[in-house]
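Hi everyone, and thanks for making the time.

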Amino acid sequence: MIKVRDLIDPTDFSTDEINEILILAQDMEKNPERYSNLCSGKILAALFYEPSTRTRLSFEAAMLRLGGRIIGFSEPNSTSISKGESLEDTIKIISCYSDIIAIRHPQEGSAKRASLYSDVPVINAGDGANQHPTQTLTDLSTIQNLKGRLSNLTVGLCGDLKFGRTVHSLIKALSRYSNNKIILISPDELKIPDYIKEEALKNTSMEIQEVKSLEEVIDNLDILYMTRIQKERFSSEEEYLRLKDSYILTKEKLKNAKDDMLVLHPLPRVNEIHPEIDLDKRAAYFKQARYGMYVRMALISKLLGVI
Ligand code: CP
């Protein structure tokens, strides 16, 4: 039984609670009719201060598939935020109108701040370069469904590990399962921040290796998690242009990978995975986006206490 009210950080739920969510998501995918009225009469507020395709629309689709309704915005400038209304006041008001809130915001810590002013559960749908816990639920669901386990994995995280919040959350989540090894693949300028590494390693003996070359390690990996270079978080356009093509996964590079390796990506991609890979049986990033909707259905239901 889940007791926590908000999901701000990927470790807000115990691994047992996460397991409950993954199992429920699987059942929701298999038996959608069983759940189609579960959230009847409930309202999800989707507050997106930053652009999104997958997270916002999968939250909205999830609530609609549960029989609930949605309100929200994806253009904060069309709301009273443009008149100077604070995050705190906005949340206080929207928690009067809704039963659960999903918020994406460019500032690190904003989802936590929102949760302090909300009377209803708050879900962090991405706070700046910090965390993206529902992407992590999506990733765990994909790995569990396609690999059958969340432990004994060698996982390569490749690309922008400095600004990539999906990686920050995933590494923390994977550190709680046994015998996982993480290989961080990035240029020096985009290495994972020390505080993320320290937090992830706090209560675990998980092995972490840091390299610059994808080719050097690809043959060892069970999962290759590619990420986009996060243009919007760079202060210098020149620096972005210099680093943007640091890694491009091609058929040629994939030749050395294990036959059953999974290629994951939170998406959107720019050019870090060549479209020729899309037809390779190891490419799982579009399936991953689909699992994201079911896992958000399960999460909403648990946080609303309707199941
Ligand atoms: N994976 C992800 O967060 O995608 P969006 O930015 O499209 O929501």
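Before we go in, one term: a cavity is a set of grid points where a 1.4 Å probe fits but cannot get out, and its lining residues have an atom within 4 Å of a point. Please also keep in mind that what you see is a predicted model.

With that in hand, let's begin with the second largest cavity, which is lined by Leu7, Pro10, Phe13, Ile18, Pro133, Thr136, Leu137 and Leu140. The space inside comes to about 40 Å³.

Now for the largest cavity. Its volume is about 50 Å³, and in total 3 cavities of 30 Å³ or more were counted. Around the largest cavity you'll find Arg54, Gln135, Thr138, His265, Pro266, Leu267, Tyr285, Gln288, Ala289, Gly292 and Arg296. Two helices, α5 (133–147) and α11 (285–304), supply at least two lining residues each, and α11 has the largest share with 5. By class, this lining holds 4 nonpolar, 5 polar and 2 charged residues. Again, domain 1 and domain 2 both give residues to the lining, so the largest cavity lies between them.

Let's move on to the ligand. Which residues are around it? They are Ser52, Thr53, Arg54, Thr55, Arg104, His132, Gln135, Pro266 and Leu267.

In Arg104, a side-chain N or O atom is 2.9 Å from an oxygen atom of the ligand. His132 has a polar side-chain atom 2.9 Å from a ligand oxygen. Gln135, in turn, places a side-chain N or O atom 3.0 Å from a nitrogen atom of the ligand. How much of the ligand's area does the protein bury? Taken alone, the ligand exposes 250 Å², and the protein buries 92% of that.

Next come the open spaces, the pockets. The largest pocket holds about 390 Å³ of space. It is lined by 21 residues, and those nearest its centre are Arg104, Arg165, Arg228, Leu267 and Pro268. Arg104 and Leu267 are also among the residues around the ligand. Helices α2 (54–65) and α6 (165–174) each provide at least two residues of this lining. Its classes are 4 nonpolar, 10 polar and 7 charged. Both domain 1 and domain 2 supply at least three of the lining residues.

Last stop: the second largest pocket, with about 150 Å³ of space. Among its lining residues are Leu47, Ile71, Phe73, Glu85, Ile94 and Tyr97. Strand β2 (69–73) and helix α3 (87–97) each supply at least two of the lining residues, with α3 giving the largest share, 4 residues. By class, that lining has 7 nonpolar, 4 polar and 1 charged.

Technical notes: Residues are numbered from 1 along each chain as its sequence is written. This is a predicted model: local features need pLDDT of at least 70, side-chain atom pairs count only at pLDDT 80 or more; totals for chains, interfaces and linings use all residues. Side-chain values use heavy atoms; hydrogens and water are left out. On a 1 Å grid over the protein atoms alone, a cavity is a set of points where a 1.4 Å probe fits but cannot get out, and a pocket is an open set with protein on both sides within 12 Å along at least five of seven lines; lining residues have an atom within 4 Å of a point. Grid points are joined across faces, edges and corners, and a volume is the space filled by probe spheres set on the points. Ala, Val, Leu, Ile, Met, Phe, Trp, Tyr, Cys and Pro count as nonpolar, Asp, Glu, Lys and Arg as charged, and the others, Gly among them, as polar. Domain bounds come from an automatic or database domain assignment. A residue is near a molecule or strand if one of its heavy atoms lies within 4 Å of it. A polar contact is a pair of N or O atoms within 3.5 Å; within protein, one must be able to donate a hydrogen and the other to accept it, and residues adjacent in sequence count only if both atoms are side-chain atoms. Accessible areas come from the Shrake-Rupley method with a 1.4 Å probe; for residues, only the protein chains shown count as cover.
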